[in-house]
Amino acid sequence: MLEDAHESESLVKTDSMESRWVFQDEEELDVEDDGEGSPSRMDMDSEEEDNIRQRLIRTGPRVNSFDVEALEVPGLPRYDFEEFGIWWRVILFFQMLGVVFGDVGTSPLYAFSVMFDKAPIYGDEDVLGALSLVLYTLILIPLVKYVLVVLWANDDGEGGTFALYSLICRYAKVSLIPNQLPSDARISSFRLKVPSPELERSLKIKEQLENSSVLKKLLLMLVLAGTAMVIADGVVTPAMSVVSALGGLKVGISGIKQEQVVMLAVAFLVILFSIQRYGTSKVGLVVGPALFIWFCCLGGIGIYNLIKYDSNVWRAFNPVHIYYYFKRNTVKAWYALGGCILCATGSEAMFADLCYFSVRSVQLTFVFLVFPCLLLGYLGQAAYLMQNHSDSSQAFFSSVPSGAFWPVLVIANVAALIASRAMTTATFSCIKQSTALGCFPRLKIIHTSRKFMGQIYIPVLNWFLLAACIVLVCSVSSITEIGNAYGIAELGVMMMTTILVTLVMLLIWQINIIIVLAFLVIFMGMELTFFSSVLWRGGDGSWKILVFAIVMFFIMYIWNYGSKLKYETEVRQKMSMDLLRELGPNLGTIRAPGIGLLYNELVRGIPAIFGHFLTSLPAIHSMVIFVCIKYVPVPVVPQNERFLFRRVCPKSYHMFRCIARYGYKDVRKENHQAFEQLLIESLEKFIRREAQEQSLESDGDGEEDTDYEDETFSRVLVAPNGSVFSLGIPLLAEYKDASKPISEASTSGEVKPDHLADIPDAEQSLDHELSFIRQAKECGVVYLLGHRDIRARKESLFVKKLVVNYFYAFLRKNSRRGVANLSVPHSHLMQVAMTYMV
C-alpha cells in the first residue's frame with residue numbers, strides 16, 4: 001500500500017510540479033439534476049468536475065485569440081505606476097489629469113454663478129455663507145466620501161455602479177440570471193473572502209439577499225437607476241462645461257448674445273465628440289498638460305484675488321456662516337443648494353474612470369494638486385465678490401485679472417472640453433460593464449489602446465450622446481437651468497453609490513455598524529437635501545434630463561427582463577439526457593466528419609436548439625462541442641483559466657461542453673483560426689489529463705475504487721491554493737452498451753474497474769481519441785449558431801406582450817448580434833432560428 005501510494009504521489013508530481021495534493025471528504029459534491037428528476041453521471045456538473053476542467057486547461061503564457069483586438073498577453077492584465085519608468089509615470093500623470101479630474105476641475109466656472117442666480121447677494125455675509133457651503137461640500141463629498149471611502153470599494157481596480165454590483169454578486173448570489181457555477185469562485189481574480197462566521201450580520205445579510213427575489217430585483221433596479229443617471233450625466237456634463245466656458249465671451253466682448261454662445265457651443269460639442277474616437281491614451285496625453293496649466297491658473301488667480309481684495313474670506317471655514325446664511329435667506333438659501341452641489345460634480349467620474357489608473361495615484365493627485373487648487377479658486381472668487389457684488393452672474397471670468405483674461409479664457413475652454421471627455425469616458429466604461437452583465441443591448445466596442453486595457457470607444461453611444469447634448473443646449477440655453485439638470489443627474493448617481501457602498505461595508509468590509517450608519521446617515525442625508533432642492537426647480541426645463549434618465553432605465557430593465565426570460569425558458573426546455581442515450585452515439589442521424597461548435601448560453605444541459613439542428617439538418621458532425629460564452633462578475637479572467645471542458649455524453653458520442661469565461665472588462669474579438677487551434681489544444685490537454693487521472697485511479701486500492709462507480713460521490717483532491725479536483729469522475733469509462741442508461745452502468749457495486757488497470761489499453765484508447773480529434777479538425781470546423789427569439793403567449797397580460805413582443809424585440813433587432821464578434825467566413829457558418837413562447 002505504501003509503495004502504491006508513493007508511486008501514485010510521484011506520478012502526480014511529475015504532472016504538476018508546483019502543487020501538493022491531499023484527499024478531501026466526499027460531502028462537498030454538487031450534483032445537477034438532469035431535468036428528469038434523477039441525477040445522471042454524465043449529466044452532472046459538480047463542483048469537482050468544474051475544477052478538473054479548470055486545472056486541465058492551464059497552459060504556459062501565450063496570446064489568447066479572444067483578446068486579439070487588444071493584443072493583451074498573460075502576465076499584463078492591468079498596470080500600475082510601479083511597472084513603468086519615470087517617463088511613463090509622467091505620461092500617466094497627465095493622462096490621469098485629462099481623464100479623471102477634468103469634470104471636477106471645471107466646477108469653479110459655474111458653481112457660484114448658479115448659486116447667486118438663485119439667491120442674490122445682499123451683503124458680505126451672503127458671500128461668506130455661500131463660500132462656507134461650497135467649502136464643506138467639497139470637503140465632505142469629493143474628499144471624504146469619494147477619495148477616502150468610495151475609491152476603496154473598487155472591483156479589482158474597476159469603479160462605477162456596475163463594478164459595485166459585480167463586487168456584491170461575487171459575495172452573494174444576487175444575479176437574476178442563474179448561470180453561476182461553483183468553479184467561478186476559483187478564478188484567481190475573484191479574490192473572494194467569505195464573510196467571517198464571527199460576524200453574523202454579514203451572513204444574515206447574505207442569506208436575505210440570496211433568498212429574497214424582491215431584494216434581488218430592488219438591488220438591480222438601484223444599479224440600473226444609477227447607470228441611467230451616469231448616462232444622463234454624460235449628456236449634461238459636456239453641455240454645462242462648454243456653455244459655461246464660452247459664457248466668458250460675454251465678459252470679454254460686451255456685444256455678444258446668449259444665442260451666439262449657444263451656436264459656438266454646438267460647434268465645440270461636435271468637435272469634442274469627433275475626437276473621442278482617438279482614445280484616452282492619445283487625447284488624454286495631449287490635453288493632460290493643458291489641464292495641469294488650468295489647475296495652476298485656478299490656484300494662481302485665487303492667491304492673486306486673496307491678496308488684492310479680501311483675505312478675510314478664510315473665515316468661511318467656520319461653519320456658523322452656513323447657519324447665518326440660511327437664517328437670512330431661508331427658502332432662497334435652500335434653492336441655492338442646487339448650485340452648491342455643482343462644486344462636487346465630477347466626483348462620480350473619478351470613481352467611474354478608476355479603471356484607467358490606480359487608486360493610490362488618484363488619491364494622491366486629488367489631495368496634493370486638485371483639492372488645494374479648487375479651494376484657492378473658490379476662495380479667490382469669494383474675495384473678489386466681497387467688493388464686487390454685481391459681478392456674480394459671471395463670478396469666475398469677472399475675477400480674472402484683465403491682463404490674463406484671454407489666455408485664461410482659452411485654457412478654460414480647453415479644460416471644459418477635457419471635462420466633457422471625462423464623463424463621456426466614464427459613460428463608455430459603465431455601458432461596457434452593463435453589457436457584459438446582461439443589462440444593456442450589445443453595441444460595437446472599439447479598444448483604442450493596445451498597451452492599456454479598458455480604454456474603449458463606443459461609436460453608436462458617442463453620436464447618441466452628441467445628439468442629446470445638442471438638443472439639451474438648444475432647448476435649455478440658460479446656464480442655471482442646465483445646472484439644475486446637472487444637479488439631478490449627479491445626485492442620482494451619488495445616492496445610488498451611497499446605498500451600494502453601504503451594502504459593501506456591511507457584506508464585505510464587515511466594519512463596525514456605527515461607522516456604517518454614520519456613513520449612510522451623513523451622506524444620504526446631505527444628498528437627499530440637495531436633491532430636494534434641484535427637484536423643486538425641475539419645472540424650469542431641467543426635467544428633460546430626468547425624463548432622459550427614466551427612458552434609459554427602462555431600456556436597460558427591459559433588456560435584462562427579456563434576457564432573463566429567454567435564459568429561463570432555455571433551461572426549462574433543454575433536451576433530456578435520456579433522449580440522447582436512446583438515440584445512441586449516432587444521435588438518430590448521420591455523423592459527418594468534422595467538428596461542430598454550437599454556441600449557446602446554457603452552462604448545464606443540452607440546449608433545445610440542438611434538437612432543432614438534429615431535425616433540420618440531414619447530418620450532424622462527428623464531434624460536437626457546446627460553446628458557452630459566459631461573463632462572470634470579475635473584471636478580468638486570466639487566459640489560462642478561460643476554458644472549462646467536460647464530457648456531455650459517454651465517450652462514443654464525442655460530445656463536449658466548453659465554457660469560455662470572461663470578465664466584464666475582457667475583450668472578445670475572435671479570429672476563428674486562432675480560436676479553433678486554441679480550443680483543440682485545450683481539448684487535447686483535457687483528454688490527456690483525464691486519461692492520466694484515470695490511470696492513477698486504477699492504481700489505487702480496490703475497495704476505494706468502488707467509490708468510482710457511485711454516481712453521486714467520488715474522491716477529490718485539493719491543491720495548496722484551495723482548488724478542488726476530482727479523481728473519480730468516469731469520463732473515460734468504457735461502456736460496452738452505450739444505449740443503456742448510465743444509472744444502470746454506474747450503480748452496480750459488484751463492478752470492478754479491471755479494464756482500467758490495463759495501462760496499454762488506456763494508452764491505446766487515448767491515442768485513438770486524439771487521432772479522432774485531429775481527423776475531425778482536418779475535415780473542417782463549422783460554427784452552429786442558433787438565433788433564439790421569445791414571444792409572449794396569447795394568454796399573457798397586455799403589458800407583458802407589449803414589453804416582450806415590441807420593446808424587447810425592437811432592442812434585440814437593433815443590437816449587435818453575437819455573430820459580429822466572430823471573424824468567420826460565411827462558408828463556415830450554419831444558422832438556425834428558433835422562437836420560444838414565454
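A salt bridge, in this tour, is a side-chain nitrogen of Lys or Arg within 4 Å of a carboxyl oxygen of Asp or Glu. The structure in your viewer is a predicted model, in which local features need pLDDT of at least 70 and side-chain atom pairs count only at pLDDT 80 or more, while totals for chains, interfaces and linings use all residues. Residues are numbered from 1 along each chain as its sequence is written, and side-chain values use heavy atoms, with hydrogens and water left out.

**The whole chain**

Of its 838 residues, 60% count as buried, where buried means under 20% relative accessible area, exposed means over 50%, and partly exposed lies in between (1.4 Å probe, protein chains only).

Select lysine 206 and glutamate 210, whose side chains meet in a salt bridge with 2.9 Å from N to O. Both residues belong to helix 8 (residues 200–211), where they lie four residues apart, about one turn of the helix. Glutamate 210 has 23% relative accessibility and therefore counts as partly exposed.

Next select lysine 145 and glutamate 527, which form a salt bridge with their closest N and O atoms 2.5 Å apart. This pair links distant parts of the chain, since lysine 145 is in helix 6 (residues 124–147) and glutamate 527 is in helix 21 (residues 513–536), 382 residues apart. Are these two residues buried or exposed? Lysine 145 counts as buried because its relative accessibility is 0%, and glutamate 527 is also buried, with a relative accessible area of 0%.

**Two helices side by side**

Now show helix 9 (residues 213–246) together with helix 20 (residues 479–509), which pack at an angle of about 150° with their axes 8 Å apart. Here axes are lines fitted to C-alpha atoms, for helices over the stretch in contact, and angles run from 0 to 180 degrees between N-to-C directions. By class, the contact of helix 9 with helix 20 has 22 nonpolar, five polar and two charged residues; Ala, Val, Leu, Ile, Met, Phe, Trp, Tyr, Cys and Pro count as nonpolar, Asp, Glu, Lys and Arg as charged, and the others, Gly among them, as polar.

Move on to the six strands that form an open sheet of mixed pairing in the order 6-7-5-4-11-13, where two strands pair if DSSP finds at least two bridges between them. Strand 6 (643–647) and strand 13 (829–837) stand at the edges, each with a single partner strand, so one side of each has no neighbour in the sheet. Strand 11 (residues 781–791) pairs with strand 13 in the parallel sense over nine bridges, and arginine 791 stands opposite methionine 837 in strand 13. Helix 22 (residues 543–572) packs on the sheet, touching strand 11 and strand 13, and contact means heavy atoms within 4.5 Å.

Finally, select lysine 566 and glutamate 601, whose side chains meet in a salt bridge (3.5 Å, N to O). Lysine 566 lies in helix 22 and glutamate 601 in the loop between strand 4 (590–600) and helix 24 (608–616), so the pair ties together parts that are 35 residues apart in sequence. Lysine 566 is buried, with a relative accessible area of 5%, whereas glutamate 601, at 27% relative accessibility, counts as partly exposed.
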